[in-house]
Amino acid sequence: MLGLLHREDTVYADKACGSWWRVRLAYDSGSDSGTRETSGPPAGSVGWRAKRHTRAHTCMQID
């Protein structure tokens with residue numbers, strides 16, 4: 001499947017291959033209901049994304 005990710009989308013990378021990451025779309029960050037109202041892959045979709053178009057963030061849980 002070919003799809004367009006949005007700037008607010010969160011993806012998790014689990015594998016690297018050259019200049020590409022294999023990523024999974026976590027959820028639609030732009031929607032409180034967790035559903036995508038615009039075009040793009042559904043939550044849980046897996047695909048490849050160029051590393052140069054991906055920005056890393058570190059998340060942690062604070063209790």
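**Getting to know the chain**

From the N terminus on, the elements of this predicted model run β-β-β.

Q: What share of the chain's residues counts as buried?
A: Buried means under 20% relative accessible area. The chain has 63 residues, and the share of them that counts as buried is 16%.

Q: Is W21 buried, partly exposed or exposed?
A: First, find W21 in strand 2, which covers residues 20-27. Buried would need a value under 20%, and exposed a value over 50%. Because its relative accessibility is 30%, W21 counts as partly exposed.

Q: Which residue lies over the face of W21?
A: Leaving aside neighbours within four places in sequence, W21 touches several residues, among them A13, G47, W48 and K51. One of these, K51, is 30 residues from W21 in sequence, yet their C-alpha atoms are 6.0 Å apart in space. For a charge to sit over a ring, the cut-off is 6 Å from the ring centre. At 4.8 Å from the ring centre, the residue over the face of W21 is K51.

Q: How many aromatic pairs are there?
A: A pair of aromatic rings is described by the distance of the centres and the angle of the planes. To pair, the ring centres have to lie within 6.5 Å. By this rule, the number of aromatic pairs is 0.

Q: Which residue meets R22 in a salt bridge?
A: A search of the whole structure turns up 1 salt bridge. R22 is partly exposed, because its relative accessibility is 29%. The side chains meet at 3.0 Å, N to O, and the partner of R22 is D14.

Q: Which strand gives the most to the lining of the second largest pocket?
A: This pocket has a volume of about 280 Å³. Its lining has 14 residues, and those nearest its centre include G47 and W48. Strand 2 and strand 3 (46-50) each supply at least two lining residues. With 4 residues, the one that gives the most is strand 3.

Q: What percentage of the chain's contacts between residues at least 6 apart in sequence joins residues at least 24 apart?
A: Contact here means heavy atoms within 4.5 Å. Take the contacts between residues at least 6 apart in sequence, and the part joining residues at least 24 apart is 44%.

How values were computed. Residues are numbered from 1 along each chain as its sequence is written. This is a predicted model: local features need pLDDT of at least 70, side-chain atom pairs count only at pLDDT 80 or more; totals for chains, interfaces and linings use all residues. Side-chain values use heavy atoms; hydrogens and water are left out. Rings of Phe, Tyr and Trp (its six-membered ring) pair if their centres lie within 6.5 Å; planes under 30 degrees apart count as stacked, over 60 as edge-to-face and the rest as tilted. A charge sits over a ring if NZ of Lys or CZ of Arg is within 6 Å of the ring centre and within 35 degrees of the ring normal. Buried means under 20% relative accessible area, exposed over 50%, partly exposed in between (1.4 Å probe, protein chains only). A salt bridge is a side-chain nitrogen of Lys or Arg within 4 Å of a carboxyl oxygen of Asp or Glu. On a 1 Å grid over the protein atoms alone, a cavity is a set of points where a 1.4 Å probe fits but cannot get out, and a pocket is an open set with protein on both sides within 12 Å along at least five of seven lines; lining residues have an atom within 4 Å of a point. Grid points are joined across faces, edges and corners, and a volume is the space filled by probe spheres set on the points.
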